[in-house]
Amino acid sequence: EVKSGRIVGMEALIRWNHPKRGLMLPTAFIPIAEMTGSIVAIGEWVIEDACRQIKAWNEFGIAPPTVAVNLSSAQFKLASHLDKIVIENLARYNIPAKQLELELTESVLLETTQRHADAFSRLRKIGVRLAIDDFGTGYSSLDYIRSFRVSRLKIDQRFIKDVTTSADGAAIVRATIGLAHELGIEVSAEGVETASQRSFLISAGCRLAQGFYFGKPVPEAEARKLLYQNLQRAAV
């Protein structure tokens, strides 16, 4: 939450702890996984692990309202049973559907066929939250926002980067925030790194944000400490 700094969500990020190359970012291996089709198995593991983690945090009483998981283009297109995987894991770990948020980029939605649109609709009926990641980079019609009825728009960090130095950049972000609010869609800003960017977002009416200004990606043990601190701060 931009004003208070209170943690209201977490995002699950995948890393590969390679025995020789060390900790590898997804850009090093996800494109290969998408080409080979192994992204489906990886994606299923990520969804299950996120649900398992939500359950553990629920038992500690520290779970944030939502935990977001990214879906790649290939994963969304290849996994015809994606909704079944989600249902099975929500049931296995006994967690409310609204605690899981699935993020897809604009490019995925713009390439979506009717078959994939039906899959999207089934996911929405389950009750999981659906978000458009990297919003503003699709360079196409905004009609899909109405068609897919998402829960959240996440403004891409390249726009947030310019809000304090470019009048055009600031205008685009304000317009996006206004559009989301008019449509009754939650909006959050990605890639917030400075206090001035945070101040701009507060003035523009953006309630939620993520980025290095608030915290960098951390392993689960450190995330748990942050959630405990968050709970204690809320109790004061």
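# Helix faces and sheet order in a predicted model

User: Which residues are exposed on the other side of H11?

Analyst: In this predicted model, helix H11 covers residues 220-235. Its buried residues are Ala223, Leu227 and Asn230. On the other side of H11, the exposed residues are Lys225, Gln232 and Ala235.

User: Within what arc do the buried residues of H11 fall, seen down its axis?

Analyst: The residues concerned are Ala223, Leu227 and Asn230, which are buried in H11. An α-helix has 3.6 residues a turn, so residues three or four places apart point the same way. The buried residues of H11 therefore line one face of the helix, and seen down the axis they fall within an arc of 55°.

User: Which strand and which helix do the buried residues of H11 pack against?

Analyst: The residues in question are Ala223, Leu227 and Asn230, the buried members of H11. Their packing partners are strand S1 (10-12) and helix H2 (39-60).

User: How far does H11 reach from its first C-alpha to its last?

Analyst: H11 has 16 residues, and at 1.5 Å a residue the expected span is 22 Å. The span in the model is close to that, at 23 Å.

User: Which residues of helix H4 are exposed on the face turned away from its buried side?

Analyst: H4 (residues 82-92) has the buried residues Leu82, Asp83, Ile85, Val86, Asn89 and Leu90. Seen down the axis of H4, these fall within an arc of 160°, so they line one face of the helix. The face turned away from them carries the exposed residues Lys84 and Ala91.

User: Which residues is Asn89 in contact with, leaving aside its neighbours within four places in sequence?

Analyst: Asn89 is found in helix H4. Asn89 has a relative accessible area of 4% and is buried. With its neighbours within four places in sequence left aside, Asn89 is in contact with Ile47, Glu48 and Cys51.

User: Is Asn94 buried or exposed?

Analyst: Asn94 lies in the loop between H4 and strand S5 (100-105). Although not a glycine, Asn94 has a positive phi of about 55°. The cut-off for an exposed residue is over 50% relative accessible area. At 64%, Asn94 is exposed.

User: Which strand does Asp134 lie in?

Analyst: Most residues other than glycine have a negative phi. Asp134 is not a glycine, yet has a positive phi of about 55°. At 24% relative accessibility, Asp134 counts as partly exposed. The element that holds Asp134 is strand S6.

User: What is the order of the strands in the open sheet?

Analyst: The chain has eleven helices and nine strands. Seven strands form an open sheet with parallel pairing. S1 and strand S9 (208-209) each pair on one side only, as edge strands. The order is S1-S4-S5-S6-S7-S8-S9.

User: Which residue in S4 is the bridge partner of Glu11?

Analyst: S1 and strand S4 (residues 67-70) run parallel and are joined by three bridges. The partner of Glu11 in S4 is Ala68.

User: Which residue in S8 is the bridge partner of Arg152?

Analyst: Strand S7 (residues 152-155) has Arg152 and Lys154 pointing one way and Leu153 and Ile155 the other way, and all are buried. Three bridges join strand S6 (residues 129-135) to S7, and Leu153 is the partner of Ile132 there. S7 is joined to strand S8 (residues 186-189) by four bridges in a parallel run. Within S8, Arg152 is partnered by Glu186.

User: Which residues does Trp16 touch, not counting those up to four places away in sequence?

Analyst: Trp16 lies in strand S2 (residues 16-18). With a relative accessible area of 40%, Trp16 is partly exposed. Not counting residues up to four places away in sequence, Trp16 touches Gly22, Leu23, Met24 and Phe29.

User: What radius of gyration does the chain have?

Analyst: The C-alpha trace spans about 45 × 45 × 40 Å along its principal axes. Buried residues make up 41% of the 236 residues. A compact globule with 236 residues would have a radius of gyration near 18 Å, and the chain agrees, with 18 Å.

User: What share of the accessible surface of the chain belongs to carbon and sulfur atoms?

Analyst: The accessible surface comes to about 12600 Å². The share that belongs to carbon and sulfur atoms is 54%.

Conventions: Residues are numbered from 1 along each chain as its sequence is written. This is a predicted model: local features need pLDDT of at least 70, side-chain atom pairs count only at pLDDT 80 or more; totals for chains, interfaces and linings use all residues. Side-chain values use heavy atoms; hydrogens and water are left out. Buried means under 20% relative accessible area, exposed over 50%, partly exposed in between (1.4 Å probe, protein chains only). Helices (H or I, at least four residues) and strands (E, at least two) are DSSP runs, numbered from the N terminus. The arc is that of the directions from the helix axis to the C-beta atoms. The expected span of a helix is 1.5 Å times one less than its number of residues. Contact means heavy atoms within 4.5 Å. The radius of gyration is taken over C-alpha atoms; the globule rule is 2.2 Å times the number of residues to the power 0.38. Accessible areas come from the Shrake-Rupley method with a 1.4 Å probe; for residues, only the protein chains shown count as cover. Two strands pair if DSSP finds at least two bridges between them.
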